[in-house]
Amino acid sequence: MTRNGLGLTTYVRATVAVAALGAVWCVAFLTTGVGIEAFAYVFVPAGGATAAVAVRHAMRETRPGAADPVARRFWRAVLAAVVLITAGYAWLAVDMLTHADQARTRSMPAPAAALTALGFLLAFVALARVPVVVPGADRWRIALDRMIAFLGCAAVLWYVGLAPMLSAREPWSRQAMLLVGLGLLVAVGAATKVSYIDGGPVDRVAMRLVAAAGGIPAGAVSVLAVQFGYIASVPAQAIVMPLAPVLITLAVVAQSRAGRRPPRDPARHGALLPYLVMILIDVPLIAVALGAPLRWPVRVVLVAAVVVTALVMVRQYLASRETARLLRIARIQEERLQHEAGHDGLTGLVNRALFRERLTAALAANGPVTVLVIDLDDFKTVNDLLGHGVGDMLLVAVARLLRAETPDDHLVVRVGGDEFAVLLTGAAAAPEQLARRLLDAFAQPVGEHRLLVQASIGIATAAPGATVDSVLRDADVAVFLAKQRGKAGFVRYVDGMAEPVLAHMQLGGELRQALDNDEFRVVYQPIVRLDCNRVIGVEALVRWHHPTRGMVSPADFIPAAERTGLIVPLGRFVLRETCRQAVAWLAEFGPDGLQEAGLNVSARQLHDPDFVSDVAAALADTGLPCERLVLEVTESAVLRGTRVSRALCELDRMGIRLALDDFGTGESSLSLLRAFPAAIVKLDKSFVDGIEIDDGQPAAADARKAVARAVIQLAHALGLDTVAEGIESSEQVAALLDLGYTVGQGYHLGQPMTADGVSRLLALQRGTPPPAGNARDSGRGRDARAGRTGI
């Protein structure tokens, strides 16, 4: 009911006008005797008819489906109640006008009283059917509160309203007292209902006004009856009772404005009602205590007071139980929150925050304190290959293993990610024994997937005056050194151990700035035909010109780049620079000037999902033909999983030549050469060293040449090109030529040089025609793979 406020205001004015007219007539009648007493009974049905039309108008103006079904049912019942009450009082008015001479002493006709009583009952039922939605835990408490409030209010109204009417010197008729009682009943029922309703389909203000429409006139009539007797019927009918239609119309207006008032907490207001009723019901008891006669109306109040008191005791008992339950739940929740705040959600171990608190307390106790930091080796590979779900299950299994292998008096912690820790206190702690026991446990398959996991362990014992941060830093340094020494081991921290590690970490931090400041340079080592010393290709190498350190060795910064992941952008820089420079050489010296340009690719780059697209973009942007680019990978990188194998196969399909670098030093196998799409095998320098020595012992000389001879024979059989690395003398060149090698690189053939240095070499040999065959190894053992490259 929200679209008809203007029309409802008209009905409010009409009912107010009827009430005002009745008041004016009553004053005139009582002061001057104008008119007849029976005319006083006209104003109630007149106002009631106006109120009924107002309710009907509001319901008719509401769009179908716009109002809540509960609200529509309530107002339909109110409309029926108003119609019945109006009909009853209209019957009374007609009866009084036809018997005007008996108006003061005549009772309400039984049919009229029945209609009116039925209307009051219908209004009471309408109020009772308005739902009070409460949680299950509060339902019984609110039911008790409402029962207490209803009985208490009813007892008080009985004492101050109906009981005095029964004992008045001019008692009213049974019909009148019945209707007054029903009016008070409606008021009490509505009051107890409204106290526990917040919002809802029926507006709480509207319900209060409906309650007031029954309660205010009934209470006022009872007071007038006791004080003035029969003469009170005139002001009751002309002034008091016409207020009921006014209140009903105002209730309709309040319902039409529902939703504009802010919500309130019903429990906050309803909880006070039982206590207020207890105070009110004590009023008759106080009157008796002060000497009022103990008559039967008072006895009814006493019985009601006893019942209400018993209900209040039951309510308090239930409230105490509920309070105890809530306190128990709050305590459990607090304990759970405290546990969750200090423990890891996945493994259930103590987390970093609680670990620092325990470590702080242990250091403050000045007793022996040792920390073991356990970092799982290559855990990222598990997540990459098997998924994060399997990785989480593995972490849970590792946590279970650590708890099983660690004594109960030590604290096991998940620091974060794949890093764990153990806090040891007391003089009896044996950190090295615990570290060995943990490493032995990791030697067995772990978890339901039966995975082999290795771990690096760092041990740090707190020195006098040590802080939490210093102890954890020392343990991290020890872990780092354990990984540097080959993983799957432990290192105990000693003084002075941190300086080189921190310098290495600082070097890693400077790599990002070096990339941004363009401090890296690409140099090129020539790849040369051994029979004529002609440059046929280059291998790109990166150098770091540090502004303060000077030239930083690749042996120092490449591991740091691998560890920090900056090897990916660094490799992208080398790739693009190499492709750009190769295109410049091709443009200057022609296709025969330089046949290929190669560069090393790390396993970390091959794991990058964008690596293949980066290579394709570099070739497309520079215009370098695919067959002119050689990517060199180590044997260990080839065995890094399906993602690496997939990337290598995609590069091979693009026409890029792949070289197996440092062959013979890693995890070489014949199956690797057949599975890996290699075009070139590079013989490692360790098999070239000493190959030229002739000490007069043919067996020893053959042994030094055995690997080099086996590699060239295997390469010819599989149709692969070969390059011998690390050549440092002309005698090694002669020995390699005798074995069948035709291409090599090394300091004897050419040291790494700038692009300008390579350009000068290419310019010198421009006038020298290439030897017949124009190939790495005279084409021996070629197959379709080598022929496809166009070299």
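Modeller: Let us begin with helix H15 (residues 388-405) and helix H16 (residues 431-442), which pack with their axes 10 Å apart and at an angle of about 135 degrees. This is a predicted model, in which local features need pLDDT of at least 70 and side-chain atom pairs count only at pLDDT 80 or more, while totals for chains, interfaces and linings use all residues. Residues are numbered from 1 along each chain as its sequence is written, and side-chain values use heavy atoms, with hydrogens and water left out.

Helices are DSSP runs of H or I with at least four residues, numbered from the N terminus. Axes are lines fitted to C-alpha atoms, for helices over the stretch in contact, and angles run from 0 to 180 degrees between N-to-C directions. H15 and H16 are therefore oblique to each other (under 35 degrees is roughly parallel, over 145 roughly antiparallel, 65 to 115 roughly perpendicular, and the rest oblique). The crossing of H15 past H16 is right-handed, meaning that the near helix is turned clockwise from the far one by less than a right angle.

On the H15 side, the contact (heavy atoms within 4.5 Å) is made by Val398, Leu401, Leu402 and Glu405. H16 contributes Leu434, Arg437, Leu438, Ala441 and Phe442. By class, this contact has seven nonpolar, two charged and no polar residues (Ala, Val, Leu, Ile, Met, Phe, Trp, Tyr, Cys and Pro count as nonpolar, Asp, Glu, Lys and Arg as charged, and the others, Gly among them, as polar).

Elsewhere, the 14 residues of helix H9 (residues 243-256) should span 20 Å at 1.5 Å a residue, and its end C-alpha atoms are 20 Å apart, which agrees.

Methods: Helix = DSSP H or I, 4+ residues; strand = E, 2+ residues; numbered from the N terminus. Expected span 1.5 Å × (residues − 1).
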